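This briefing is meant to be read beside the sequence and the structure. It treats individual loop residues, helices, the sheet and the core in turn.

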Amino acid sequence: MEIGSFTFLSPEDFGYNNCNYNSNSVSNFSWFQDMENGFNGNGKKRGRKDTNIEELLVNQDLKKNGFDILSSILLLDEEAKQEPEHDQWVTDSDSYPFFDANYNEKVQEMNDYFDQLQNQSPEMNELDNPRNKRPRNSSSEVANSAASAAAVVSVGNSDNAGRSQSGTGSGQQRRLWVKDRSKDWWDKCNHPDFPDEEFKRAFRMSKATFDMVCEELEPVVMKKNTMLRDAIPVRQRVAVCIWRLATGEPLRMVSKRFGLGISTCHKLVLEVCTAIKTLLMHKFVQWPDENKMKNIKQEFEATTGIPNVGGSIYTTHIPIIAPKINVAAYFNKKHTERNQKTSYSVTLQGVVDQKGIFTDVCIGWPGSMSDEQVLEQSAFYKRATRGDLRDVWVVGGKGYPLMDWVLVPYTHQNLTWAQHAFNEKIGEIEKVSKEAFARLKGRWSCLQKRTEVKLQELPVVLGACCVLHNICEMRNEAVDPELNFELFDDEVIPENNLRSMASVQARDHIAHNLLHHTLGGTGFL
């Protein structure tokens, strides 16, 4: 804002005008002070409507004062033009410098004042707009500031953790991310000097077998280290899973032994079991080829005298907690009557060779189904009906029907000597599968009692147990006699136990040969 030059009145008049000017300026500044106090929250809180009215009055007063001052300046300028060139109180030429200096000083003061007034007006407009929007933006501003502060703290902690790891290696900042737990027990078992016998007693396998399993699973199980913490080693991951399967201990106890969280142990068990089932099952659980099948037939015939036997089939039940849906389908009537306690289970059907190694498994059908029904629902049954099992007998118990590829004992009354001899030899083959399942449940104790694993995740765990069983059997890992388990799966004789007349004649022919070629036993006498 620019102001033109003008002539001042006498010193007395000027003093009077100056007093008015000072009073107006003081009043104006008092308005600004009151408004500033209101904005800063020093006074009492005022209503939104009252505040807007006061701000409107302030703006009008400022404009009015500014207009009065400009009007007075113009009037003074006109009066100065109308006055004679020689005023009565200006007579001496020496007094001109004094009035010029006074004039310049007052003009500078007026310019400063109007500059200040002009600066105050935009500030008032700026304060007016944010004040109306403050209640709406306050919550978002607080949230943004809190998020920014949290981000700064997080970055600071990660930077400190990185410096501590790189500088000292103590990792004190990592306590924010990982709880410090004792790993003494696992460190002791994992030490090279730990006795192999104790290791086998704990994990149901020798150190060499355990190392082999870790090497097979390492590509899938291994995780990378992060900036927050180091990944759990592969050996510890596999050890958590095998210990859980071998002992059936609650996750709380497993957590204390390995120095890990409960949820971490549960996650590791499922991850490793999934890796075992997907990566190793097709490698260690497979139907034998022609050469292997030939050897299996020869060994069974050498011990029992029955030709073309390629395996022994058996179905066991795994107890479970009562499911939330389809409860009746999983109800096990035979176990309930035997234990005098309501029992629920899922089935595990398996075919084994002469060494007790699984060559086929079917997992997860409800416990209310009979052995015959489980067999008919299995993929093994579909392959056999297509003709994949030519010239091969699979020996089963009384719970299976007699078919072209399934050989079962006689179940009717008043058996002949040949039939007794046949049943004795069939019992020897059937014993191979029963003992294999007994070693399976004895080695992996989690299968002996009701498991805490969810029903949809149970087939993965059972499949991993079968794979680990085969690995131990192939590597001649004997089971501790203290871990022997007695099976008590009751067999139900099917209503239609004769499915083929050709199979009936073949069975009678085998029984006749056993008796008359002195291959039949004398245990029935």
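Glutamine 340 counts as exposed, since its relative accessibility is 70% and the threshold for exposed is over 50%. The model discussed here is predicted. Glutamine 340 belongs to the loop that runs between helix H11 (333-339) and S2. Its phi is positive, at about 55 degrees, although the residue is not a glycine.

**Other loop residues**

- Aspartate 391 also has a positive phi without being a glycine, with a value near 60 degrees.
- The loop that holds aspartate 391 lies between helix H13 (379-385) and S4.
- With a relative accessible area of 60%, aspartate 391 is exposed.
- Isoleucine 232 is located in the loop between helix H6 (207-221) and helix H7 (234-247).
- Is isoleucine 232 buried or exposed? Its relative accessible area is 18%, so it is buried, the limit for that class being under 20%.
- Apart from residues up to four places away in sequence, isoleucine 232 touches Arg237, Leu260, Thr264 and Leu268.
- One of these residues, leucine 268, is 36 residues from isoleucine 232 along the chain, and the two C-alpha atoms are separated by 9.8 Å.

**Helix H8**

- Four residues of helix H8 (residues 251-258) are listed as buried: Leu251, Val254, Ser255 and Phe258.
- Because these residues cover an arc of only 105 degrees around the axis, they lie on the same side of H8.
- The cover over the buried residues of H8 includes helix H4 (184-189), helix H5 (196-203), H7 and H9.

**Helix H16**

- Helix H16 (residues 501-516) contains 16 residues. From its first C-alpha to its last it reaches 23 Å, close to the 22 Å expected at 1.5 Å a residue.
- Which residues of H16 are buried? They are Ser503, Val504, Arg507, Ile510, Ala511 and Leu514.
- These residues are on the same side of H16, because the arc they cover around the axis is only 130 degrees.
- An α-helix has 3.6 residues a turn, so residues three or four places apart point the same way.
- Met501, Ala502, Gln505 and His516 are exposed on the other side of H16.
- Among the elements that cover the buried residues of H16 are helix H10 (290-304), strand S4 (393-395), strand S5 (406-407) and helix H14 (417-443).

**The sheet**

- Five strands make up an open sheet with mixed pairing, in the order S3-S2-S1-S4-S5.
- S3 and S5 are at the edges and each has a single partner strand, so one side of each lacks a neighbour in the sheet.
- Strand S2 (residues 344-352) pairs with strand S3 (residues 358-366) in the antiparallel sense, over six bridges.
- Within this pairing, valine 346 stands opposite proline 366 in S3, and glutamine 349 has cysteine 362 in S3 as its bridge partner.
- How many residues lie between S2 and S3 in their hairpin? There are five, and in the turn glycine 356 has a positive phi of about 85 degrees.

**The nonpolar core**

- The largest nonpolar core comprises 101 residues, and Phe203 and Trp444 have the most contacts inside it.
- Helix H9 (residues 262-284) supplies the largest share of this core, namely 11 residues.
- Leaving out neighbours within four places in sequence, phenylalanine 203 is in contact with Trp185, Trp186, Cys189, Ala239, Ile242, Trp243, Phe258 and Trp444.
- One of these contacts, Phe258, is also among the buried residues of H8.

**The protein as a whole**

- The protein contains 16 helices and five strands.
- It has 525 residues, of which 39% count as buried.
- Of the contacts between residues at least 6 apart in sequence, 72% join residues at least 24 apart.

Technical notes: Residues numbered from 1 in each chain as written. Predicted model: local features only at pLDDT ≥ 70, side-chain atom pairs only at ≥ 80, totals over all residues. Heavy atoms only, no water. Core = buried A, V, L, I, M, F, W, Y, C linked by side-chain atoms within 4.5 Å. Buried < 20%, exposed > 50% of the residue type's maximum accessible area, 1.4 Å probe, protein only. Helix = DSSP H or I, 4+ residues; strand = E, 2+ residues; numbered from the N terminus. Contact = heavy atoms within 4.5 Å. Pairing = 2+ DSSP bridges. Expected span 1.5 Å × (residues − 1). Arc of directions from axis to C-beta.
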